[in-house]
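Colleague: I have the sequence and the model open. Could we go through the fold together?

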Amino acid sequence: MRPIPVAVHVGPFVFHTYGLGLAITFMFAAWYLGRRLRDNGYDASWVSSTAIWTVVAALVGARVIHVAANSSSYIADPVQVLEVWKGGLSSFGGILFGVPTGFILAHRRCREVPLRTLADLVAPVLLAGWAVGRLLGPQLMVAGGGHPTHQWFGMYYAGQVGRRLPVPIFQSLMTFAVLFIAWQVEKWVTRRGGPHGLVMAVSVGFWGTNRFIEEHLWLAYPGHVGAIATESAGLAFAVAGFASAATLLVRSRGQRG
């Protein structure tokens, strides 16, 4: 069985499926955020321009953190740093640069939306974007698979020998599960009138847990610095998210009491 094609040739042009997939994902996320804002009675005219800057910041951050965590692989051939179509984007780097950029711009352009409310509106968008992006990005890139496997669900990936765990598919399914949880939490918060910020907190907690599980079980190799950093960051996100959720719930009950 041949690997999934990672490039499409149209005449003299070459389109990399990884880049095309990410572009579709970003457009989907911008559309979904605009829809959620409008459904909740807020102006969404600012979303498109804000999304462009957020995407740029996220891509830069994702690449910078990935290269920094895997510097030994780029020292011999620095030109590879620019070859983003081959993959190599850190999810945590994208979050570190992209999310703050998006929130700062959104707060400036749509001040009528409280920050916690904005966070709850954005959380499902980030989860949906991540779930779709796993299928349209890493699943279609060079070396997108996980550890070698002989299981029936193993897949072939360009740049990797033999069947590999289809980690992007696993990631997508796990994230869709978290998205379903986020939607249920959102319904609960809406019925109770708060606490605002809980949807984001729960989403961060479960997403961080997922990232630790994915890296630890399917991607990491013992002693690899990048893997250790990813696992540690995942745990940090999980602790921060669940701790924030617990704090919001305790404060909400105290105010109601």
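This is a predicted model: local features need pLDDT of at least 70, side-chain atom pairs count only at pLDDT 80 or more; totals for chains, interfaces and linings use all residues.

Colleague: Take Gly129, then. Is Gly129 buried or exposed?

Modeller: Gly129 has a relative accessible area of 11%, so it is buried. The residue lies in helix α5.

Colleague: Which residues does Gly129 contact, leaving aside neighbours within four places in sequence?

Modeller: Gly129 is in contact with Thr25 and Phe28.

Colleague: Let us step back. How many helices and strands does the protein chain have?

Modeller: The protein chain has eight helices and two strands. From the N terminus, the order of elements is β-β-α-α-α-α-α-α-α-α.

Colleague: What share of the residues is buried?

Modeller: Of the 257 residues in the protein chain, 45% are buried. The accessible surface comes to about 13,800 Å², and carbon and sulfur atoms account for 69% of that.

Colleague: And what part of the contacts comes from residues 24 or more positions apart?

Modeller: Such pairs make up 66% of the contacts with a separation of 6 or more.

Colleague: Now the strands. How do β1 and β2 run?

Modeller: Strand β1, residues 7-10, and strand β2, residues 13-16, run antiparallel and are joined by four bridges. Within this pairing, Ala7 has His16 as its bridge partner, and His9 is partnered by Val14.

Colleague: What about the turn of that hairpin: which residue takes a positive phi?

Modeller: That is Gly11, with a phi near 60°; the hairpin has two residues between its strands.

Colleague: Which residue has a positive phi although it is not a glycine?

Modeller: Ala143 does, with a phi of about 55°. Most residues other than glycine have a negative phi. Ala143 is placed in the loop between α5 and α6, and its relative accessibility of 34% means that it counts as partly exposed.

Colleague: Where is the cis peptide bond?

Modeller: The cis bond joins Gly194 and Pro195, with omega at about 5°. Pro195 belongs to the loop between α6 and α7, the latter spanning residues 198-219.

Colleague: What does Tyr32 touch beyond four places in sequence?

Modeller: The residues touched by Tyr32 are Pro124, Val125, Ala128 and Trp183. The C-alpha atom of Tyr32 is also 9.3 Å from that of Val122, a residue 90 positions away along the chain.

Colleague: One more topic: the second largest pocket. What is its volume?

Modeller: The second largest pocket has a volume of about 350 Å³. It is lined by 17 residues, of which Arg36, Asn40, Leu121, Glu186 and Thr190 are the closest to the centre.

Colleague: Which elements give two or more residues to that lining?

Modeller: Those elements are α1 (17-39), α5 (115-136) and α6 (167-192).

Colleague: And how does the lining divide by class?

Modeller: The lining of the second largest pocket holds six nonpolar, six polar and five charged residues.

How values were computed
Residues are numbered from 1 along each chain as its sequence is written. Side-chain values use heavy atoms; hydrogens and water are left out. On a 1 Å grid over the protein atoms alone, a cavity is a set of points where a 1.4 Å probe fits but cannot get out, and a pocket is an open set with protein on both sides within 12 Å along at least five of seven lines; lining residues have an atom within 4 Å of a point. Grid points are joined across faces, edges and corners, and a volume is the space filled by probe spheres set on the points. Ala, Val, Leu, Ile, Met, Phe, Trp, Tyr, Cys and Pro count as nonpolar, Asp, Glu, Lys and Arg as charged, and the others, Gly among them, as polar. Two strands pair if DSSP finds at least two bridges between them. Contact means heavy atoms within 4.5 Å. Buried means under 20% relative accessible area, exposed over 50%, partly exposed in between (1.4 Å probe, protein chains only). Accessible areas come from the Shrake-Rupley method with a 1.4 Å probe; for residues, only the protein chains shown count as cover.
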